[in-house]
Amino acid sequence: MQREDAAQLHQFVLHAALDIVQDLAWTTSAMFLKAIDRFNDLVVSVYVTAGHTRFMLLHDSRNEDGIKSFFQEVHELYIKILLNPLYLPGSRITSSHFDTKVRALARKYL
Amino acid sequence: MIGTGKIKQYANVLDKPLGKGKQEVSLSAFAFLFSELVQYNQTQVDNISELETRLEDAGYAVGARVLELLCQRDKGNRRETRLLGILSFVHSTVWKVLFGKVADSLEKGTEHEDEYMISEKELLVNRFISIPKDMGTFHCGAFVAGIVKGVLENAGFPAVVTAHFVPVQGQQRPRTTILIKFAEEVLRREARLG
């Protein structure tokens with residue numbers, strides 16, 4: 001029961017932070033928005049791309065530089081997926097290779 | 001020695017580096033491809049406005065991708081948050097990458113606050129196209145208008161973008177103008193950001 005609740009809580013916290021991102025994105029021209037919201041000991045960090053696609057990460061607070069590099073690498077991967085003319089922007093990314101690479105990056109930087 | 005180096009083959013496109021991309025693409029190849037695109041769409045629609053819509057949608061997809069790619073490549077990961085910023089981005093960077101030169105001019109509309117115009121003596125896509133008289137106001141520049149729309153909308157500046165022929169005195173061929181009309185919320189946000 002505990003683990004199930006935790007997963008739902010994480011999702012809830014992330015979605016609640018979306019509103020904050022919306023406003024914050026227009027105040028700066030940087031892409032990495034650092035930690036924008038806290039909940040107990042969970043921190044939400046956000047990276048907004050030029051096309052206003054948001055990468056959000058829920059984590060316990062540490063290692064900001066690692067998170068920034070992680071986001072930058074994921075951004076490059078995302079652009080490569082986006083360049084596929086058959087990919088509809090905004091739809092779910094189903095490539096398993098993409099999944100493997102993101103997990104490898106997560107192990108490396110986080 | 002020549003020929004001993006092997007180009008690294010990547011198993012998956014996600015592993016290949018993004019790189020600078022090809023600086024030049026064959027003009028004739030593009031002209032053929034574009035003409036096929038127009039002809040194919042002509043067989044699928046019943047009237048001119050649908051044809052223009054289809055070309056615009058094709059351009060929209062290009063615009064969305066060009067925006068992300070160029071911000072990553074040429075602007076070192078900085079987003080545009082202001083109206084003038086995004087307009088000059090389209091007018092110089094996007095045009096330079098797509099057509100090899102910056103657009104001829106960028107003007108603010110005199111009648112309405114929310115209108116801007118990018119003018120070009122002759123759009124690259126129209127160079128090998130002639131419009132028959134019975135098609136009236138049809139403009140293949142709808143494709144380019146779609147590209148601009150894709151860039152603007154994805155950057156958070158929704159707009160209606162259209163392409164028009166503007167006759168110029170002293171010149172046989174009319175100039176092309178891309179008319180950009182921004183949505184209400186863009187102007188409100190701009191005013192708020194000061």
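This is a predicted model: local features need pLDDT of at least 70, side-chain atom pairs count only at pLDDT 80 or more; totals for chains, interfaces and linings use all residues.
Me: What makes S2(A) and S3(A) a pair of strands?
Reply: Two strands pair if at least two bridges are found between them. S2(A) and S3(A), residues 54-60, have seven bridges, in the antiparallel sense. Therefore they count as paired. Within this pairing, A:Val48 stands opposite A:Arg54 of S3(A).

Me: How do you know that S1(A) pairs with S2(A)?
Reply: Apply the cut-off of at least two bridges again. S1(A), residues 32-39, and S2(A) share five bridges, so they pair. The sense is antiparallel. A:Arg38, for instance, has A:Val43 in S2(A) as its bridge partner.

Me: Which residue takes a positive phi in the hairpin of S1(A) and S2(A)?
Reply: A:Asn40 does, with a value near 50°. This hairpin has two residues between the strands.

Me: Why is S2(A) called mostly covered?
Reply: Buried means under 20% relative accessible area. In S2(A), residues 42-48, seven of seven residues are buried.

Me: What makes both faces of S2(A) covered?
Reply: Take one side first. A:Leu42, A:Val44, A:Val46 and A:Val48 are all buried there.

Me: Why is A:Leu9 called partly exposed?
Reply: Its relative accessibility is 32%. Buried needs under 20%, and exposed needs over 50%. The value lies in between, so A:Leu9 is partly exposed. A:Leu9 sits in helix H1 of chain A, residues 2-24.

Me: How do you know that A:Leu9 can belong to a surface patch?
Reply: A patch residue needs over 30% relative accessible area. A:Leu9 has 32%, so it passes that cut-off. A:Leu9, A:Phe12 and A:Phe39 form a nonpolar patch. Together they have about 280 Å² of accessible area.

Me: What makes up the secondary structure of chain B?
Reply: Five helices and four strands. Along the sequence, the pattern reads α-α-α-β-β-α-β-β-α.

Me: How many residues does chain B have, and what share is buried?
Reply: Chain B has 194 residues, and buried ones make up 39%. To be counted, a residue must be under 20% relative accessible area. Chain B exposes about 11,500 Å², with 55% supplied by carbon and sulfur atoms. Its C-alpha atoms fill a box of roughly 65 × 45 × 35 Å along the principal axes.

Key. Residues are numbered from 1 along each chain as its sequence is written. Chains are lettered from A and ligands numbered from 1 in the order in which they are written. Side-chain values use heavy atoms; hydrogens and water are left out. Buried means under 20% relative accessible area, exposed over 50%, partly exposed in between (1.4 Å probe, protein chains only). Patches are made of residues with over 30% relative accessible area and no salt bridge: like charges are joined within 9 Å, nonpolar side chains (Val, Leu, Ile, Met, Phe, Trp, Tyr) within 5 Å. Accessible areas come from the Shrake-Rupley method with a 1.4 Å probe; for residues, only the protein chains shown count as cover. A salt bridge is a side-chain nitrogen of Lys or Arg within 4 Å of a carboxyl oxygen of Asp or Glu.
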